[in-house]
Amino acid sequence: MKSFSDSYKAAGVDVTAGYRAVELMKADVKRTAIPGVLTGIGGFGGLFELDLTGYERPVLVSGTDGVGTKLKLAFLMDKHDTVGQDCVAMCVNDIICSGAKPLYFLDYIACGKNLPERIAAIVRGVADGCVAAGCALVGGETAEMPGFYPEDEYDLAGYSTGIVERGAIIDGSRLEAGDALIGLASSGVHSNGFSLVRKVFGIDEKTVGEYVDELGCTLGEALLTPTRIYVKPMLELIGKVEVKAVSHITGGGFYENVPRMLREGLTAHIRKDAYELPAIFSLLQRRGDIPERDMYNTFNMGIGMIAAVPAQQADEAVRVLTACGERACVLGEVKQGPEGVVLW
């Protein structure tokens, strides 16, 4: 007998819609499979067998995050197939900062009403992110919560685990004055600062459709661009040069995130003119009359990740990243000092 409950459906929860959503997402989940995946979706837990060949002291590194109020744009634009990549990116980009290779990912979707096609579109974006990161989508949860969320809204969060040899953990302990800072370009605002973004632009159904010449697209299209995933290029970089420290530039911008990669007594000196500021940030600052310091303390300002390498390896680092399809540049250098970050 197939599972169903008319009483539960009358209360706003349609379990059959959940089964339909699972059927729609199976193909996307399958394309994320990598060696180690032992089960498909549908069980009570996702099983993953660790291949510890080549590891002497393996360490598991975990990360969890959500998409935040960027989801409000997805609701307004009725476009749900990119925010899943944002969710994956926010987790795996944190994991790679330790030098860990992401292994698997799980998502959690809470919604007011389970619309199977919409849920499948969200998971399609999650799968895209997993493929980009080289990790497997081994499970997840869709919770239909009528009365808690509006019918046309949902929340999305995720969790990922990666692995790294203990002796290869990147923790900034070898960082020293004179090291070069390499910046990897972002794809836009990514998934941080959207409460301020929505306030500045007065985001609604009209503004998301506004075509902006300097962006070359609508405002909504620019803002909904998914977060760039840096896992594969960073693993390539780690294999080619000595990477001493890494910072994922998320909420809090440069001033909050860069100090997290520094040892005490060291300061990151970053040249603002080392790269071209993307138009979306100039537009944000101008329309919101936002002080420059607040911009660099809220947004990634066009740099999604920063890696510290020996100065003599800086050019090679840029070459490796460029060969991987990244837009990379030498942002500045590490110096002695107590400031944490100096932008000039």
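Why does F254 count as buried? Its relative accessibility is 0%, so F254 counts as buried, a label that means under 20% relative accessible area, with exposed over 50% and partly exposed in between (1.4 Å probe, protein chains only).

Before going on, a word on the ground rules. This is a predicted model, where local features need pLDDT of at least 70, side-chain atom pairs count only at pLDDT 80 or more, and totals for chains, interfaces and linings use all residues. Residues are numbered from 1 along each chain as its sequence is written, and side-chain values use heavy atoms, with hydrogens and water left out.

**Rings and a charge**

There are five aromatic pairs in the structure. Rings of Phe, Tyr and Trp (its six-membered ring) pair if their centres lie within 6.5 Å; planes under 30 degrees apart count as stacked, over 60 as edge-to-face and the rest as tilted.

| Pair | Centre to centre | Angle between planes | Type |
|---|---|---|---|
| F75 and Y154 | 4.9 Å | 75 degrees | edge-to-face |
| F254 and Y296 | 5.4 Å | 80 degrees | edge-to-face |

Helices (H or I, at least four residues) and strands (E, at least two) are DSSP runs, numbered from the N terminus. F75 and Y154 are both buried.

F254 sits in helix α9 (residues 253-257) and Y296 in helix α11 (residues 292-296), so this pair ties together parts 42 residues apart in sequence. Y296 is buried too, at a relative accessible area of 6%.

Then there's R293, whose charged end sits over the ring of Y255, 3.8 Å from the ring's centre. That wording needs NZ of Lys or CZ of Arg within 6 Å of the ring centre and within 35 degrees of the ring normal.

**The sheet**

Six strands make an open sheet with mixed pairing, in the order β8-β10-β5-β11-β9-β12. Two strands pair if DSSP finds at least two bridges between them. At the edges are β8 (245-248) and β12 (341-343), each pairing on one side only. Strands β9 (residues 266-270) and β11 (residues 328-336) run antiparallel, joined by five bridges. H269 stands opposite E333 in β11.

Helix α12 (residues 314-323) packs on the sheet and touches β5 (180-185), β10 (303-309) and β11, where contact means heavy atoms within 4.5 Å.

How values were computed: Axes are lines fitted to C-alpha atoms, for helices over the stretch in contact, and angles run from 0 to 180 degrees between N-to-C directions.
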